[in-house]
Amino acid sequence: MATEVILPKVDMDMSTGTIAVWHVKDGDTVKKGQPLFDIETDKAAMEIESPAEGVIRIGNAPVKAVVPIGTVVAMVYGAGEEAKPFTGGVAAPAAAAPAAAEVAKTAAAQPAAAAPATDANGKVRATPLARRLAKQQGIALAALSGSGPRGRIVSADLATAKAVSAKAPGATALAAGMDGDAVRALYPPGSFSVTPLDGMRRTIAQRLVQSKQTVPHFYLTATCTLDELLAVRERLNAHAPKTADKTPAWKLSVNDFVIKALALALQRVPAANVTFTDEGILQHQVSDVGVAVSVDGGLFTPVVRAAETKSLSQISIEMKTLAAKARSRQLKPADYQGGTTAVSNLGMFGVEQFNAIINPPHATILAVGAGVETFVPVNRQPVLKTQMKVTLSCDHRAVDGAVGAELLKAFREFVEEPALMMA
C-alpha cells in the first residue's frame, strides 16, 4: 500500500507551512529517511524526510504554496506497486488565499450539522492517519464530514477543516485597517512594488494585533547608570580564556548583563514572573527570558532558559548560538516557545527610548535603549556618566503597577551594581 507524505505540524502555533524547495523530482526512487523537501514556518525551516522507500509521486504542492498541515503532498509507492500519478495536494499560491468574503462563505457552507458516516458499531469512519491527525490537532472527528469512500474521513478533510477554522470569522485578523485595493488606489500605478506576506510576517502581524487588542498594556520607564557595568564588562572580557585558536572564549555584551539582571529581578519579584490565562495566573519558578533577534523580513524571540542560574559567559555563548540559528532559520520549537518575559534592545541602533509590544504568553517585555553619556549632578557638580533608559511593558491583567515598579527597581539595582549578579 502506498505511503502518504503529509505536511507535518512542527510548531505548536502552526496551521500552515510553505514548501521552500523539493529535493526530489516526481517519479524519483527515494529511500526511507531521504530528505524530500524543506518547509518554512513562521519560525523555522525544517527538512522533511521520506517515510518510506519507493517511487515518489509529487502532488500539486508547488514551491512557495501555503499548505495546511496534514495535507498529503506526495505518495511513495513501494516495490511491486503501480506508481500512479498523484493528483492531490493544494491549489496554486494565487488560489490558496481567497478573499475574506469567500472564506466566510465557504465556512458558512461547511456541513457542520451533517452527521458523520459511522460503521455498524456507531464508530466514525476515518482512516488511521486521519484519526492520528485529529488527535494531534484536537479536532473532533464527529464534527466532520468525510470525503472518502462511504463518507470515510481522510487526512485531506482534516486539512480543510483546519484551514477553514483558521480563516473563519472570529479568527484573528491580520490588521484592522484600510482595504488593500483602497490603499493601492492612493498611489500612482507603477510607483510601488508589492512584497507578498510570507508566513513569518503574517504571524508577526497576527500576534501583535492580537496582543495590542487583547492585552491591556501599561508602561514604566527608568534610567540606569551604566558606568560600573561597563567597567566590570571590560575587566571580565579582558580575562576571558582563550580557545585553541587564541581567540577569546566569550565576549560579554551589555545585553548579556540585561538578560541576567532581568532574570534575577524576576526571582526577587516573583509576582511579576507570571502568565495570565482565563483559568488563572501561572506562577513561574524559573526566569525564561526571550530575546528579540532581528532577521531579514522579521524577528525571532529565542529563549534563554532559567537565565537566573547561568553565568554571564554562559548567557553570552548561548545567545550567540541562538542568534545564529535564528538568522539561518534553524531554530527548533523548543528554542523559542514559552518564556516568561522578553528583552528587546534597540540601543545598537542609537534608539534612546521606545515601548515594546508584549509577546504573549509573556506578561512583560523590557525595551532597552542606547547608553548615552550625560552630565548628571553629583554633590552639586556636573559629572559625566553613561545612562540607559529602559521601558517595561506590563500586562495589567497579571501585573499591577506597583509590582511592575518593583521589578524595574530590582532590575536597575542589578544593572547599577553588577557585582550583585555574581553573588
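Reply: Pro 361 sits in the loop between β16 (341-345) and β17 (364-378), where strands, like helices, are DSSP runs numbered from the N terminus, a strand (E) needing at least two residues and a helix (H or I) at least four. The bond joining Pro 360 and Pro 361 is a cis peptide bond, with omega about 15°. This is a predicted model, in which local features need pLDDT of at least 70 and side-chain atom pairs count only at pLDDT 80 or more, while totals for chains, interfaces and linings use all residues. Residues are numbered from 1 along each chain as its sequence is written, and side-chain values use heavy atoms, with hydrogens and water left out.

Neither residue is a glycine, yet Asn 379 has a positive phi of about 50° and Arg 380 has a positive phi of about 65°. Asn 379 counts as exposed because its relative accessibility is 72%, and Arg 380 likewise counts as exposed, at 81%; the cut-offs are over 50% relative accessible area for exposed, under 20% for buried and the range in between for partly exposed, with a 1.4 Å probe and protein chains only.

Within strand β18 itself lies Gln 387, whose side chain makes a polar contact of 3.3 Å with the side chain of Thr 225. A polar contact here is a pair of N or O atoms within 3.5 Å; within protein, one atom must be able to donate a hydrogen and the other to accept it, and residues adjacent in sequence count only if both atoms are side-chain atoms. Apart from neighbours within four places in sequence, the residues in contact with Gln 387 include Thr 223, Cys 224, Ala 370 and Val 376, contact meaning heavy atoms within 4.5 Å.

Elsewhere in the model, aromatic rings supply a further set of side-chain pairs. Rings of Phe, Tyr and Trp (its six-membered ring) pair if their centres lie within 6.5 Å, and planes under 30 degrees apart count as stacked, over 60 as edge-to-face and the rest as tilted. By this rule there are 2 aromatic pairs. The pair of Trp 22 and Phe 37 is tilted, because the ring centres are 4.8 Å apart and the planes stand at 50°. This pair links distant parts of the chain, 15 residues apart, with Trp 22 in strand β2 (residues 16-22) and Phe 37 in strand β4 (residues 35-40). Trp 22 counts as buried at 16% relative accessibility, and Phe 37 counts as buried at 0%. Tyr 187 and Phe 192 form an edge-to-face pair, 6.3 Å centre to centre with 75° between the planes; Tyr 187 is partly exposed at 47% relative accessibility, as is Phe 192 at 36%.

Leu 133 is buried, with a relative accessible area of 3%, and its C-alpha atom is separated by 7.3 Å from that of Leu 158, 25 residues apart along the chain.
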